[in-house]
Amino acid sequence: MSRPRSFDEDAVIEVAMRHFWRHGYAGTSVRDLGQVMGLGQASFYNAFGDKRSLFARCLDRYLQFGMRERIAKLEATQPPRAAIEGLLREIIARSLRDRLGCLLVNSALEVAPRDRGIASVVAARLAELEGFFRRQMEAGQRDGSIDAGRDAADVARLLMTLLLGLRVLARGRPDRAVMEGALRQALSLLDPPGTSGATRA
């Protein structure tokens, strides 16, 4: 019979997530993780398998208490077009406030090009984001708040690309006016013919 774990798994995953976030995947070793998590090497491997497996769990935790919570709240409380704008405005505010950037975006840039396993993890999480935008596009086209002539899948990918770009831009040029200008242009693509962001009720 296996021995019960003598540590709080959620707590140590949170610690590991923050270490990955601050130092990057490549800049974090199993030894580093063991030290910050308070685990010996054997306990680490028994509990989490390897660094990649732990990283995937850390990324899920980061998204669960960040992007997924915000998406669920917006979908439950806002009409489709407002949900799209609300998420992107939250991203601008968060990007200007948090200089560590986004763990998902950081991972896409740092690790995914060199590690197929991490690339597949990142791609699956980005698909969740794209799915949110596509659902809102399609719902907004049904209720008339979004131009029905736009290809919902293409615009969803564009909005996902904008979100990722905003996160990257904030690392090197944290300029609110620049970011909000890009957002205005993207949102203007959603307007049904004969309306604008300034005149829409």
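**View A. Ser95 in helix α6.** Ser95 lies in helix α6, which covers residues 80–97, where a helix is a DSSP run (H or I) of at least four residues, a strand is a run (E) of at least two, and both are numbered from the N terminus. The view is taken from a predicted model, in which local features need pLDDT of at least 70, side-chain atom pairs count only at pLDDT 80 or more, and totals for chains, interfaces and linings use all residues. Residues are numbered from 1 along each chain as its sequence is written, and side-chain values use heavy atoms, with hydrogens and water left out. With a relative accessible area of 2%, Ser95 is buried; buried stands for under 20% relative accessible area, exposed for over 50%, and partly exposed for values in between, computed with a 1.4 Å probe on protein chains only. When neighbours within four places in sequence are left aside, Ser95 is in contact with Leu166, Arg167, Ala170 and Met179, contact being heavy atoms within 4.5 Å.

**View B. The ring pair of Phe20 and Phe55, one part of the aromatic set.** The structure holds seven aromatic pairs, a pair being two rings of Phe, Tyr or Trp (its six-membered ring) with centres within 6.5 Å, classed as stacked when the planes are under 30 degrees apart, as edge-to-face when over 60, and as tilted for the rest. For Phe20 and Phe55 the ring centres are 5.0 Å apart and the planes stand at 85 degrees, so this pair is edge-to-face. Because Phe20 belongs to helix α1 (residues 9–23) and Phe55 to helix α4 (residues 51–64), the pair ties together parts that are 35 residues apart in sequence. Phe20 and Phe55 are both buried, and for Phe55 the relative accessibility is 1%.

**View C. Tyr25 beside Phe55, with Lys51 over the tyrosine ring.** Tyr25 and Phe55 also form an edge-to-face aromatic pair, with 5.1 Å from centre to centre and 75 degrees between the planes. Since Tyr25 lies in the loop between α1 and α2 (30–37) and Phe55 in helix α4, this pair ties together parts that are 30 residues apart in sequence. Tyr25 has a relative accessible area of 11% and is buried. Phe20, Tyr25 and Phe55 form one aromatic cluster. Over the face of Tyr25 lies Lys51, at 4.2 Å from the ring centre; a charge sits over a ring if NZ of Lys or CZ of Arg is within 6 Å of the ring centre and within 35 degrees of the ring normal.

**View D. The crossing of helices α2 and α3.** Two packed helices are described by the angle between their axes and the distance between the axes. The axes of α2 and helix α3 (residues 41–48) come within 10 Å and cross at roughly 95 degrees, the axes being lines fitted to C-alpha atoms, for helices over the stretch in contact, with angles running from 0 to 180 degrees between N-to-C directions. The helices α2 and α3 are therefore roughly perpendicular to each other, in a scheme where angles under 35 degrees count as roughly parallel, over 145 as roughly antiparallel, 65 to 115 as roughly perpendicular and the rest as oblique. From α2 the contact is made by Val30, Leu33 and Met37, and from α3 by Phe44, Tyr45 and Phe48. Classed by residue type, this contact of α2 with α3 has six nonpolar, no polar and no charged residues, with Ala, Val, Leu, Ile, Met, Phe, Trp, Tyr, Cys and Pro taken as nonpolar, Asp, Glu, Lys and Arg as charged, and the others, Gly among them, as polar.

**View E. The packing of helices α5 and α8.** Helix α5 (residues 67–77) packs with helix α8 (residues 116–143) at an angle of about 10 degrees, and their axes are 11 Å apart. The two helices, α5 and α8, are therefore roughly parallel to each other. Met67, Arg68, Ile71 and Glu75 of α5 make the contact with Arg125, Glu128, Leu129, Phe132, Arg135 and Gln136 of α8. The contact of α5 with α8 has, by class, four nonpolar, one polar and five charged residues.

View F. Leu158 is found in helix α9 (residues 152–172) and is partly exposed, with a relative accessible area of 39%. Its C-alpha atom is separated by 9.3 Å from that of Phe133, and Leu158 and Phe133 are 25 residues apart along the chain. Arg176 is found in helix α10 (residues 176–188) and, at a relative accessible area of 44%, is partly exposed. Neighbours within four places in sequence aside, Arg176 is in contact with Ile92 and Leu96.
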